[in-house]
Amino acid sequence: MSKRDFYDVLGVARNASADEMKKAYRHQAKQLHPDRNPGDADAERKFKELNEAYDILKDDQSRAAYDQFGHAAFEGGGGRGQHPGFGGDFGASMSGIFDDLFGEFMGGRGGRRSDGGRMRGQDLRYNMEIDLEEAYEGKKAQVRVPSSVACDTCEGTGAEPGSKPVTCTTCNGMGKVRASQGFFTIERTCPTCHGRGQTIEKPCKVCHGAGRVEKERTLSVNIPAGVEDGTRIRLSGEGEAGMRGGPAGDLYIFLSLRPHPIFQRDGADLFCRVPISMTSASLGGEIEVPTLNGKRVKLKIPEGTQTGKQFRLKDKGMPVLNSREIGDLYIQTTVETPIKLSKKQKELLKEFEAASSKDTNPESSGFFARVKEFWDGFQA
């Protein structure tokens with residue numbers, strides 16, 4: 001029996017919009033659904049016909065092919081999988097596309113199946129803490145990483161020497177099996193080979209068919225000058241070995257910097273708080289300040305230096321990663337108030353206080369003058 005026109009099946013005009021077709025489909029699907037018509041063979045046939053028509057017409061490409069060639073565009077058992085100009089298994093190709101696009105993001109890069117049932121090894125993370133001086137100079141470090149490596153006995157195949165993996169007879173090497181349930185086809189991982197597409201009849205006695213064994217390795221890591229807290233270093237192929245000869249994952253070194261007793265870091269700049277005596281702040285002078293490379297720099301302190309005064313030492317900060325640029329060192333002074341004064345020192349300070357004027361302490365004089373004006377405003 002010849003097939004009915006798909007537009008007639010849906011009950012829409014040939015120029016119907018996508019929304020119109022969807023509305024018509026939903027209306028008929030509710031009426032013809034097998035749950036509402038148990039045992040009605042005619043309703044079941046019409047429901048299948050309705051689904052086939054909507055499946056073709058809802059897609060722009062297949063609808064264009066149907067408009068041009070009619071039912072002949074999908075003859076030969078291809079259904080939607082054999083559009084003119086789009087040969088091959090549409091479902092299989094889309095499955096491959098989704099695997100390529102999302103396989104790496106859904107669950108990470110590790111664990112993807114490759115040819116011959118091989119699985120890429122998992123990526124590994126190693127946390128390393130270094131000093132600020134090491135970040136300044138750069139260093140070569142040795143790290144001990146417990147991970148999986150390829151089995152030497154079976155050379156990573158997982159099969160006993162002299163044998164080899166065979167194609168899974170359940171899925172014929174596809175790694176997936178399909179099962180029909182009513183009008184739907186469900187695809188799931190093959191329960192026999194667990195998605196690898198191959199089985200091992202004689203597993204390796206050392207790795208028990210995994211193709212890899214646990215082992216601690218010592219690796220050399222080059223830490224460049226200028227690394228910051230949170231910098232990530234990638235060692236390609238140094239992660240876990242892949243299953244059954246698959247490619248190894250990567251090792252990522254995550255760096256964190258220990259707090260420094262003298263310097264604080266902000267990007268490429270360094271900051272250092274330096275306490276100075278009250279007399280040095282008042283009379284001025286010269287002090288020696290440290291730099292991160294262990295050298296000393298002389299810094300001139302002008303007369304009347306206040307707490308919080310900042311001095312910039314150009315190119316005395318951190319190197320910029322992968323650059324020839326160098327940050328600056330900022331010295332922030334803190335005027336220290338003397339303690340445990342002798343009787344004579346106290347007397348001298350009292351004499352100094354008595355002889356002081358507004359010009360001697362301009363900030364405090366100005367502040368209390370503003371406070372007096374504030375209080376006077378409430379009394380007025």
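The second largest pocket of this predicted model is lined by 24 residues, among which Met-278, Ser-282, Val-335, Phe-352 and Asn-361 lie nearest its centre.

**How to read the values**

- Because this is a predicted model, local features need pLDDT of at least 70 and side-chain atom pairs count only at pLDDT 80 or more, whereas totals for chains, interfaces and linings use all residues.
- Residues are numbered from 1 along each chain as its sequence is written, and side-chain values use heavy atoms, with hydrogens and water left out.

**The second largest pocket**

- A pocket is, on a 1 Å grid over the protein atoms alone, an open set of points where a 1.4 Å probe fits, with protein on both sides within 12 Å along at least five of seven lines, and its lining residues have an atom within 4 Å of a point.
- The elements that give two or more residues to the lining of the second largest pocket are helix 7 (278–283), strand 15 (329–336), helix 8 (343–355) and helix 9 (362–379).
- The volume of the second largest pocket is about 840 Å³, a volume being the space filled by probe spheres set on grid points that are joined across faces, edges and corners.

- Helix 2 (residues 18–32) has 15 residues and should span 21 Å at 1.5 Å a residue, which agrees with the 21 Å between its end C-alpha atoms; the expected span is 1.5 Å times one less than the number of residues.
- In helix 2, the residues Met-21, Ala-24, Tyr-25, Ala-29 and Leu-32 are buried.
- The buried residues of helix 2 pack against helix 1 (6–10), helix 3 (41–57) and helix 4 (60–69).

**Two partly exposed loop residues**

- Gly-308 lies in the loop between strand 13 (296–301) and strand 14 (310–313), and it counts as partly exposed because its relative accessibility is 36%.
- Leaving aside residues up to four places away in sequence, Gly-308 touches Gln-332 and Thr-333, where contact means heavy atoms within 4.5 Å.
- Thr-192 is in the loop between strand 5 (184–189) and strand 6 (198–199), and with 41% relative accessibility it counts as partly exposed.
- Not counting residues up to four places away in sequence, Thr-192 touches Cys-168, Thr-170 and Thr-199.

**Residues with a positive phi**

- Most residues other than glycine have a negative phi.
- Asp-315, in the loop between strand 14 and strand 15, has a phi near 60°, a positive value in a residue other than glycine.
- Lys-340, in the loop between strand 15 and helix 8, has a phi near 55°, also positive, and it is exposed, with a relative accessible area of 80%.

Methods. Helices (H or I, at least four residues) and strands (E, at least two) are DSSP runs, numbered from the N terminus. Buried means under 20% relative accessible area, exposed over 50%, partly exposed in between (1.4 Å probe, protein chains only).
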